[in-house]
Amino acid sequence: MSTPLLETPSAALPLRKPVGAFRGGLFGFLLGTTLAGAGTYYYILDEYRVSNELLTEDIYVRDLYERVCI
């Protein structure tokens, strides 16, 4: 006596094409370059914002000083 579960043939697994080293390396390089570029972009954008705020504050203080002293 055998069980019907053991007698059913297993379905064949779909064949996967292996990802070649060149294609995987190229994908990793592009992904890393994109992430590094995005990080650099946001870092420079933040530095620009901070320097712009400092410059605006300096101009405001200088203008206020000229109004008070002159």
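Analyst: R62 forms a salt bridge with E66, and their closest N and O atoms are 3.4 Å apart. A salt bridge here is a side-chain nitrogen of Lys or Arg within 4 Å of a carboxyl oxygen of Asp or Glu. Side chains of opposite charge can pair when their charged atoms come close. R62 and E66 are 4 residues apart in helix 2, so about one helical turn separates them. Helices (H or I, at least four residues) and strands (E, at least two) are DSSP runs, numbered from the N terminus.

The model is predicted: local features need pLDDT of at least 70, side-chain atom pairs count only at pLDDT 80 or more, and totals for chains, interfaces and linings use all residues. Residues are numbered from 1 along each chain as its sequence is written, and side-chain values use heavy atoms, with hydrogens and water left out.

How exposed are the two partners? R62 counts as exposed, because its relative accessibility is 55%. E66 is at 34%, so E66 counts as partly exposed. The cut-offs are these: buried means under 20% relative accessible area, exposed means over 50%, and partly exposed lies in between (1.4 Å probe, protein chains only).

Now take R67 and D63. Their side chains meet in a salt bridge, at 3.4 Å from N to O. They are 4 residues apart in helix 2, so about one helical turn lies between them. R67 has a relative accessibility of 62% and therefore counts as exposed. D63, at 33%, counts as partly exposed. Elsewhere, salt bridges that share partners join D46, R49 and E53 into one network.

D46 is partly exposed at 35% relative accessibility. R49 is partly exposed too, at 42%. How many salt bridges does a search of the whole structure find? The count is 4.

Next, the aromatic rings. The structure holds 1 aromatic pair. The rings of Y41 and Y42 have centres 5.2 Å apart and planes at 75 degrees, so this pair is edge-to-face. The rule is that rings of Phe, Tyr and Trp (its six-membered ring) pair if their centres lie within 6.5 Å; planes under 30 degrees apart count as stacked, over 60 as edge-to-face and the rest as tilted. Y42 is exposed, at 55% relative accessibility.

There is also a nonpolar surface patch. F22, L26, F29 and L30 form it, with about 470 Å² of accessible area together. Patches are made of residues with over 30% relative accessible area and no salt bridge; like charges are joined within 9 Å, and nonpolar side chains (Val, Leu, Ile, Met, Phe, Trp, Tyr) within 5 Å. F29 lies in helix 2, which covers residues 21-69. F29 is exposed, with a relative accessible area of 54%.

Finally, the whole chain. The protein chain has 2 helices and 0 strands. Of its 70 residues, 0% count as buried. Its accessible surface comes to about 7200 Å², and 69% of that belongs to carbon and sulfur atoms. Accessible areas come from the Shrake-Rupley method with a 1.4 Å probe; for residues, only the protein chains shown count as cover.
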